[in-house]
Amino acid sequence: MSSRRDFMGMALGGFTALGGIGALMAMKKTWDPLPSVKSAGFTTIDLNDYKENELVTEKWRGKPIFVLKQSKELMAKTTDETKKRLIEINGDHYMVCVGLCTHLGCIPGYNPETEDFLCACHGGMYDATAMVTKAPPPRGLDIPPFRIDGTKLVLGETGPEYEKMLADGTTLKV
Amino acid sequence: MAHFEKANSIGEWLDQRIGIETLKKVMQSEYWIPKNINFLWAMGMVLAATFGILLVSGIFLLMYYNPSVDLAFDSVNYTIMTEVGYGWLWRHVHGVGASLVFLIIYIHMFTGIYYGSYKRGRELIWLSGMLLFVLFSAEAFSGYMLPWGQMSYWAGMVITNLFSGGSLHADGFVEWIRGDYVPAQAFLSRFFMLHVLLMPLLIIGGIVFHFGTLRLPHVNNQDGEEVDFAESARLWKEGTTESRRESKVIPFSPVFLSKDVFVMGVYFILFFYLVFYHFEFAMDPVNFDPADGLKTPAHIYPEWYFLWSYEILRPFSTNLGLIAFAIAQVIFFTLPFMDRSPNVAPANRRGLFHFWFWAMLADMLVLTFMGKLPPEGIWSQIGLVAAITFFILWIALPIITKIEKKL
């Protein structure tokens, strides 16, 4: 500090920088999703409502959610690996996942005859557990966070079954 | 109190107070432009005029546009297009203008590359111009969101998804940009703000800066010749027919500007021909379906002016594609430093650089065409080769310009 003028300059600069950082933080917060958006991020579905091999599209956080109750024939086709992707309630198995292709986010379509998904955008395919069977998608459809509540599923909350799926790499965090 | 004499005219009165005579000299009558130029040198003013038209048409659209996810689509496609008197005119002028402004930007850029107008004192002109290109891109993208049709929504989805950084899975960052889990009200409102306020402000600032960077180095000429501006200006100001013929320069205004206005005249014939008879090229049919987060259009592609960089993203795996895309977005900024040759001359006198110029132009055209086609079979092969060629050309640039013979 060579002079009074330097000190004044440094002090002014320091406080201005501090104020600037504060303003930047406020701006960052202003762009955050609103509390009302966050609290609307939960959807409850009742798994009793679904029929075997009939794809139903629900909506969660503005995204399509595929629910497919697996039939006996479908279960026979699963492997240990793909079975981990299913949610089991009272002996029934359900595929619940975000219906956006993991390649570039298009919505794949389900064909109940061939029991698989085809993404029209770039030709990616998935089986009935939404596991990828044909590239370009890098992985199966992502599974949304869920908590099992009786026969109901609360999407957006994280229950122990979902945590297990995350831990063993069955799905990525959505 | 400063000393003021009584003024004898409004001009003198203003000159005493804000120095308009000096301003006029600096910006117009003594801002010297070389004579040895062609119509490509008019593209700057053509761009300025197009920006003006976008601004005016935008102001009129803004009066009826409604930035709400429930009303936006109808406010454009019903209110503006069918109810507002001449609303269709503003919309078609705005859409066609947004497309043509990029055509002229690309011509303007490649003119600069061809004549070497980006080095030996002109680096800042190039850098500020590239900054304007980025700002115009952001302006175009944010504007594309506003009609809230299917292409708006899904382009918004795909482009904001790019910010998750592939395997980085920065989904929190993507949600921060959107203000929601998917593009929704918060997203539309903030992109509306960006499109009508922040981006135009930055663009206007960028244009002023771009003009400023031009003032001292002056514009280049067809031979890259170093002009003695002081001597040429003296000859012009001498005012005789002889001396003006001998001078290598003309004043920006009114002499050069009158050439600009002629080129603008030709350009606006094309512009309004498109506005009145072929506006549909700037209006994607898919965007006439309202946004629907539960239905993807079969084929998502950007407007034509983003296709070349989109095609660089597409043929690679997710991560590699993102890195290639990011590099392609900024690589043109480095041109003045990648070109190691001191020659300021048209490309046809610069040996290998001549080949480089046409190869780069052709490669970007191929990328553009492939970006529009579905990524299947032979098309994705050609796209991949063109994307790799793009990077090979950039790696080759410092080498071929280093060995270039000094003119």
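Guide: Start with burial in chain B. This is a predicted model. Buried residues make up 31% of the 407 residues in chain B.

Visitor: What makes a residue count as buried? Take K63(A).

Guide: The cut-off is 20 or more other C-beta atoms within 10 Å. K63(A) has 21 C-beta neighbours inside 10 Å, so K63(A) counts as buried. K63(A) belongs to strand 3 of chain A.

Visitor: Which residues does K63(A) touch, leaving out those up to four places away in sequence?

Guide: Residues of both chains. K63(A) touches V98(A) and L100(A), and also Y181(B) and V182(B). A contact requires C-beta atoms within 7 Å.

Visitor: How far is K63(A) from E73(A)?

Guide: Their C-alpha atoms are separated by 29 Å. Along the chain they are 10 residues apart.

Visitor: What share of chain A is buried?

Guide: The figure is 29% of its 174 residues.

Visitor: Why is strand 5 of chain A called mostly covered?

Guide: Count its residues. Strand 5 covers residues 92–98 of chain A, and 5 of its 7 residues are buried.

Visitor: How do you know that strand 3 and strand 5 of chain A pair?

Guide: Pairing needs at least two bridges. Strand 3 (residues 63–69) and strand 5 of chain A have 5 bridges, so they count as paired, in the antiparallel sense.

Visitor: What joins strand 4 of chain A to strand 5 of chain A?

Guide: There are 3 bridges between them, and the two strands run antiparallel. Strand 4 covers residues 87–89 of chain A. I87(A) stands opposite Y94(A) in strand 5 of chain A. The two strands form a hairpin with 2 residues between them. In the turn, N90(A) has a positive phi of about 50°.

Visitor: What makes strand 6 and strand 9 of chain A edge strands?

Guide: First, the sheet. It is an open sheet of 4 strands in chain A, in the order 6-7-8-9, with antiparallel pairing. Strand 6 (109–111) and strand 9 (132–134) of chain A are its edge strands, as each pairs on one side only.

Visitor: How do you know that strand 7 and strand 8 of chain A pair?

Guide: The rule asks for at least two bridges. Strand 7 (residues 116–118) and strand 8 (residues 125–126) of chain A have 2 bridges, so they meet it. L118(A) has M125(A) as its bridge partner in strand 8 of chain A.

Visitor: How many helices and strands does each chain have?

Guide: Chain A comes to 5 helices and 11 strands. Chain B has 17 helices and 2 strands.

Visitor: How do you know that the radius of gyration of chain B agrees with a compact globule?

Guide: Set the two values side by side. A compact globule of 407 residues would have a radius of gyration near 22 Å, and chain B has 24 Å, which agrees.

Visitor: What does that test give for chain A?

Guide: A compact globule of 174 residues would have a value near 16 Å, but chain A has 24 Å. The C-alpha trace of chain A spans about 85 × 35 × 25 Å along its principal axes. Its domain assignment gives domain 1 (4–32) and domain 2 (38–167). The C-alpha centres of these domains lie 48 Å apart.

Visitor: What makes a set of residues a nonpolar core?

Guide: Its members are buried, come from a list of nonpolar residues, and are joined through C-beta atoms within 7 Å. The largest core has 43 residues. Among those with the most contacts inside it are A72(B), W148(B) and L188(B). Helix 9 of chain B (185–215) gives the largest share, 7 residues.

Visitor: Which residues form the contact between the chains, and how many come from each?

Guide: Chain B gives 21 residues and chain A gives 21 residues. On the side of chain B, helix 7 gives the most, with 3 residues. That side divides into 11 nonpolar, 7 polar and 3 charged residues.

Key:
Residues are numbered from 1 along each chain as its sequence is written. Chains are lettered from A and ligands numbered from 1 in the order in which they are written. This is a predicted model: local features need pLDDT of at least 70, side-chain atom pairs count only at pLDDT 80 or more; totals for chains, interfaces and linings use all residues. Domain bounds come from an automatic or database domain assignment. Two residues are in contact if their C-beta atoms, placed from the backbone, lie within 7 Å. Ala, Val, Leu, Ile, Met, Phe, Trp, Tyr, Cys and Pro count as nonpolar, Asp, Glu, Lys and Arg as charged, and the others, Gly among them, as polar. The radius of gyration is taken over C-alpha atoms; the globule rule is 2.2 Å times the number of residues to the power 0.38. A residue is buried if 20 or more other C-beta atoms lie within 10 Å of its own, exposed if 12 or fewer, and partly exposed in between; C-beta atoms are placed from the backbone.
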